[in-house]
Amino acid sequence: MYNIRNVTEDIVWIGANDRRLALFENIFPIPEGVSYNSYLLKDEKTVLLDTADSAVAGQFFENLEAALDGRTLDYIVINHMEPDHCALLADVLRRYPDAVLVGNAKTFTIVSGFFGLENVKRMTVKEGDSLVTGKHTLYFYFAPMVHWPEVMVSYDATDKVLFSADAFGSFKSLDGNLFNDEVNYERDWMDEARRYYTNIVGKYGVMVQTALKKLSALQIDYICPLHGLVWRSDFSSLLEKYDKWSRYEEESRGVVVIYASIYGHTENAAEILARMLSEKGVKDVRVYDASRTHVSELIAEIFRVKNIVLASSTYNAELYTPMKNLVADMKSLAVQNKNFALIENGSWAPYAKTQMTEMLSALKNCTYEDISLTIRSALKEDQLASLDALAASLAKSGF
C-alpha cells in the first residue's frame, strides 16, 4: 500500500524508510534506520525530484504511482547521483520512457558510469537555469562537493521550496512525522543530524560555506533534504548548526575524553581525569571507549566540543589500533580548531604520544595542552598532581 504525504498542495513526499539496513554506506551504524526522501511536483508537467535506494523499490514505486494518480511522468530532476538516491533511475525510465532527465554535465557523466542511458531524453542545466512546469518554476544551483562533484539543489520559486540534496539531512527513519515542527528535534534528532553531517559532509566545510552564502539570497519556506525531516519552521537553528559545523566551530567548550585501553589502566586514568574535570566545574564532560564506540559517533563528538583528551595505550610499539583509526579518520574529515590533551601508556616502550602528535600535526589550527602524561603500566600516586593540573587547564579553557 502506498504511503505518501503532501509537503505543499502541489509537492508530495513519496519516499520510504529503511529500518533493516544495519550500516549506511556499509560503514555507519544506523540503529534507528534512515529515510530515503523523494518528491513529486504535480503541475501542468510532473516532476520527480530524485529517486531512492533499491532497498525500498517496492514502496517507492507504489508511492510514485499513487502520487501521479494516472498521469505520466514528464521530468526527473537528479540533484545527486549517489546510489541511495539514484539506484532506481533506470527502472523509473523503463516505466516512463518519455520522461526527460534533468541534470548538469557532471551529473550525466556519472549517469553514464552507472547506467549508460545514452539515448534517453536529457536536459543539461547550468548554474541558475530554470524549468517552467506551469505555475511553478524550478531554478538550479550547483553545490559541488556537498558532497559529490555533481551535486546541485533545486528551488521552487512558487512555493519557496529548496530541494537540498544531502544538505540538511540526517540519519534516522521518519516515525510518521515528516516535518521538523512535529518532533522534539533537539532531543530526538540532533545527535543523528550531527553524526550525519560530520561524517558524510564534514570534510567539505569550505564548500558548505559557499553553498550557504549562495542560498542565503533565496526566500525559503521549506527545505526538503534527501534524508530526514522536511523543514518548514525554525530555519535559524538549522542554519546556525550548519554554519558552525562547516566553520569547524565548537558548539560547546566542554571536554570529550576518548581512551583506547587494553587491560583497563589507560581507562582508569581517563575516568579519574573526567572526575577531576567535573569537580572543577566542567558540566559537559563525556567519556568514550574507542574500542567500543563507533568512530562515527566519536567524530560527531569531536566536532561538537572544543577540548579533546586522547588517552591511548601503546601496542606493538605503535599507537593502539582503535586510537590510530580514530586519528586517521579525524585527518580524513579535516577536523580543525580543536584543543588536544594527550595521555599515553606503555609498559616498556610508550610510543603512543609521539605517534598521536605526528598524526595530529596534519590538522589545521589546533592547539595542545602543555601538560601531557606518560603512564608506565598503571597510574601512580605521584602522577595525580599532573593529572589534576591537566584537568585545571582544560577546565580553564572550558570557561
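**Reading helix H8 and the cysteines**

Author: The buried residues of H8 are Phe 235, Leu 238, Lys 241, Tyr 242, Trp 245 and Ser 246. They span an arc of only 135° around the axis, which places them on the same side of H8. Residues are numbered from 1 along each chain as its sequence is written, and side-chain values use heavy atoms, with hydrogens and water left out. The model is predicted: local features need pLDDT of at least 70, side-chain atom pairs count only at pLDDT 80 or more, and totals for chains, interfaces and linings use all residues.

Reader: How are "buried" and the arc to be read?

Author: Buried means under 20% relative accessible area, exposed over 50%, and partly exposed in between (1.4 Å probe, protein chains only). The arc is that of the directions from the helix axis to the C-beta atoms.

Reader: Which elements do the buried residues of H8 pack against?

Author: Contact means heavy atoms within 4.5 Å. Here the partners are helix H6 (190–201), helix H7 (205–215), strand E16 (222–224) and helix H10 (295–304). Helices (H or I, at least four residues) and strands (E, at least two) are DSSP runs, numbered from the N terminus. Of the 10 residues of H10, eight are buried, so H10 is largely enclosed by the rest of the structure.

Reader: How many disulfides does the structure hold?

Author: A disulfide is a pair of cysteine sulfur atoms within 2.5 Å. The structure holds zero. The sulfur of Cys 86 lies 20 Å from the closest cysteine sulfur, in Cys 224, which is too far for a bond. Cys 86 is buried, at 3% relative accessible area, and Cys 224 is buried at 1%.
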